[in-house]
Amino acid sequence: MYAAAKQGHLPACFSCVNLETDSPRVAIFAQTALAIGISFIGDLDALINYVMFGFWAQRIFTLIALLVIRFKQIPVHPECIRVPSWCIILFLIINVILVIIPIFQEFHVAALGIGICVVGFGFYFILIYPTNLPRWMHIANQKSFVFSMKTI
């Protein structure tokens, strides 16, 4: 949450740090509160299945981006680690299988996982393009930052 807030993906209050210890206490508290709240919602196994579906789906997009960078020969940092293309393709195939199997076996898990990803994309586009946000959201973001700085 701290890193996302620093990049403008979450409200600025999550990017506050304690001046003495440099610890992001607001982000840690919010993450802890979310984890506790989510653990009471329902079956923990189902929650893990939802998260893992999104995790493997995200890996697919990452591997596709890596292959695009590789085959279009987009310049990368000179000290980056190079992995053979066959390793990337093999891992991509495994990830696709790990995403497709739950769609057929447990469609409700896959549908909810896709729904969570869509909601996440919605939040991403709302918070990443602040020029499109209404003025009250800018004001709320700045006030929450000032409030959290006073409480830390």
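**Confidence first**

Guide: In this predicted model, confidence is highest in α4, at a mean of 89, and lowest in helix α6 (residues 135-151), at 57. That score is pLDDT, the predictor's confidence in each residue, from 0 to 100; helices are DSSP runs (H or I, at least four residues), numbered from the N terminus.

Visitor: Where is the pLDDT below 50?

Guide: Over residues 145-152, a stretch with 12 contacts (heavy atoms within 4.5 Å) beyond near neighbours in sequence. Where pLDDT is low, the predicted coordinates should not be read in detail.

Visitor: Any cut-offs or numbering rules?

Guide: Local features need pLDDT of at least 70, and side-chain atom pairs count only at 80 or more, while totals for chains, interfaces and linings use all residues. Residues are numbered from 1 along each chain as its sequence is written, and side-chain values use heavy atoms, leaving out hydrogens and water.

Visitor: OK, new topic. Which residues make up the largest nonpolar core?

Guide: There are 9 residues, among them Phe53, Ile60, Leu92 and Val99. A core here is a set of buried Ala, Val, Leu, Ile, Met, Phe, Trp, Tyr and Cys residues joined through side-chain atoms within 4.5 Å. Helix α3 (44-71) gives the most to this core, with 5 residues.

Visitor: And what does Leu92 contact, beyond four places in sequence?

Guide: Ile60, Leu63, Ile64 and Leu67.

Visitor: Last one: why does Ser15 count as buried?

Guide: Because its relative accessibility is 11%, and buried means under 20% relative accessible area (1.4 Å probe, protein chains only). The Ser15 side chain also reaches the backbone oxygen of Ala12 at 2.7 Å.

Methods. Buried means under 20% relative accessible area, exposed over 50%, partly exposed in between (1.4 Å probe, protein chains only). Helices (H or I, at least four residues) and strands (E, at least two) are DSSP runs, numbered from the N terminus. A polar contact is a pair of N or O atoms within 3.5 Å; within protein, one must be able to donate a hydrogen and the other to accept it, and residues adjacent in sequence count only if both atoms are side-chain atoms.
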